Amino acid sequence: MAALEAAGHQAWFVGGCVRNALMGRADSDIDIATTARPTDTKAAAKSAGLKAVPTGEDHGTITVVARGTGYEVTTLRRDVETDGRHAKVVFSDRLEEDAARRDFTMNALYADARGLVLDPLGGLPDLEAGRVRFIGDADARIPEDYLRILRFFRFSAWYGDPKEGLDADGLAACAAGASGLAQIAAERIGHEIRKLLAAPDPDPAVAAMAQSGVLARVLPGADVNALGPLLHLEEQAQATADPIRRLAVLGGENPTDALRLTRAESHAVTLLSQAARDGADLKRLTVDHGAGRATDVALLRAALLVQPWTSDWADQIELASLAKFPVQAQDLMPDYQGKALGDRLAQLRDAWITSEFSMDRTALLALPDPDEPTT
């Protein structure tokens, strides 16, 4: 900021870092808006001994590295053309024009290096009221970038006042423009859904998504009815907010493709969805997948009314998490090799779990083998 000002330019912190600072929340992403053109930003950085990386120079963004951290510094801009995914921009010298191209009023807040906050579009009253409101005409803003539909629900979950409900004009515009989400890549949709489901209480926003028809567009077949009970159970169990657990309770026809889940995420959602309904033993789940996933299953079963949550479940999971299988592969060698070794270990492990982890190494090794060992 000092380097830009020393070169005769104006510069402001902008967006989420200002919003969260005003709310007393931490924010790792610090973005800077400036009147400097990209070449001027690079020159100012060089004069100050800072590294400048042209990460998005054509769109006005230079990443300036200070003390090992990169900060995006972007020239003030205004949109001249949009297609629902991308915008063609030109540089501007007016803060109001830069603010007008942003999505919500609470994200169009600026602060200079001395902490003076500038609010060109009335974002401060909305922030204080917990009101997520589109800048200008919501029906016009959504077609500029249809991902704003999902951002509306995500920001409502994180920053909105649940007592007041979602902004009516914004919700109506999201419902009307929902078909435009077909233009958005599944990766971007999945990114927004993960962030939404990580909110402390995403239930009102997700319910509004379902009522507006948006949820069916991005996650066909999802059912929101068990999300509220799950959140209540999470609070009782003091469980952390886990978007994957919450995604599992929503279900859906094919979340892996719809949200472009990673392989690990897809495996976790499939495991939780199946185990929540098939009655798999919690102790075995703990041994196989860890206490965290077993707890997820217990919470999901209670939320889905498969089995009520009891303190016994937590005790079973804790017992299993502390137990250590006493037999190792070398205990069975050389009598067992290859597949036979794996099968025998699995047999003994099953017996150990069935015994409530009471069988020791000697007792397990003394068990008869139902199959003839091969070498």
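**Aromatic rings, buried faces and cores**

Tutor: Let's start with the rings: Phe104, Phe134, Phe152, Phe153, Phe155 and Tyr159 form one aromatic cluster. Mind that this is a predicted model, where local features need pLDDT of at least 70 and side-chain atom pairs count only at pLDDT 80 or more, while totals for chains, interfaces and linings use all residues. Residues are numbered from 1 along each chain as its sequence is written, and side-chain values use heavy atoms, with hydrogens and water left out.

Student: How many aromatic pairs does the structure hold, and what makes Trp352 and Phe357 edge-to-face?

Tutor: It holds eight aromatic pairs. Rings of Phe, Tyr and Trp (its six-membered ring) pair if their centres lie within 6.5 Å; planes under 30 degrees apart are stacked, over 60 edge-to-face, and the rest tilted. Trp352 and Phe357 have ring centres 4.8 Å apart and planes at 65°, so the pair is edge-to-face. Both residues are buried too.

Student: Why is Ser266 called buried?

Tutor: Buried means under 20% relative accessible area, exposed over 50%, and partly exposed in between (1.4 Å probe, protein chains only). Ser266 comes out at 16%, so buried is the word. This serine sits in helix 15, residues 263-278. Leaving out residues up to four places away in sequence, Ser266 touches Thr256 and Leu261; contact means heavy atoms within 4.5 Å.

Student: What counts as a helix or a strand, and how many are there in the protein chain?

Tutor: They're DSSP runs numbered from the N terminus: H or I for at least four residues makes a helix, E for at least two a strand. The protein chain has 20 helices and nine strands.

Student: Which residues of helix 3 are buried, and how do you know that they are on the same side?

Tutor: In helix 3 (residues 38-47), the buried ones are Pro38, Thr41, Ala44 and Ala45. Their arc, taken from the directions from the helix axis to the C-beta atoms, is only 120°, so they share one side of helix 3. An α-helix has 3.6 residues a turn, so residues three or four places apart point the same way. Turned away from that buried side are the exposed residues Thr39, Lys46 and Ser47. After helix 3 comes Gly49, with a positive phi near 75°.

Student: What puts the buried residues of helix 8 on the same side?

Tutor: In helix 8 (residues 168-176) the buried residues are Gly170, Ala173 and Cys174. Their arc is only 100° around the axis, and that puts them on the same side of helix 8. The exposed Ala168 and Ala176 are on the face turned away. Cover for the buried residues includes helix 6 (138-141), helix 7 (147-159) and helix 11 (214-218).

Student: What makes something a nonpolar core, and which residues have the most contacts inside the largest one?

Tutor: A nonpolar core is a set of buried Ala, Val, Leu, Ile, Met, Phe, Trp, Tyr and Cys residues joined through side-chain atoms within 4.5 Å. The largest has 68 residues, and Met209 and Val218 have the most contacts inside it. Helix 7 gives the largest share of this core, eight residues. Apart from it lies another core of twelve residues, including Trp352 and Phe357.

Student: Which residues is Met209 in contact with?

Tutor: Beyond its neighbours within four places in sequence, Met209 contacts Leu150, Phe153, Ile193, Leu196, Val214, Leu215 and Val218.
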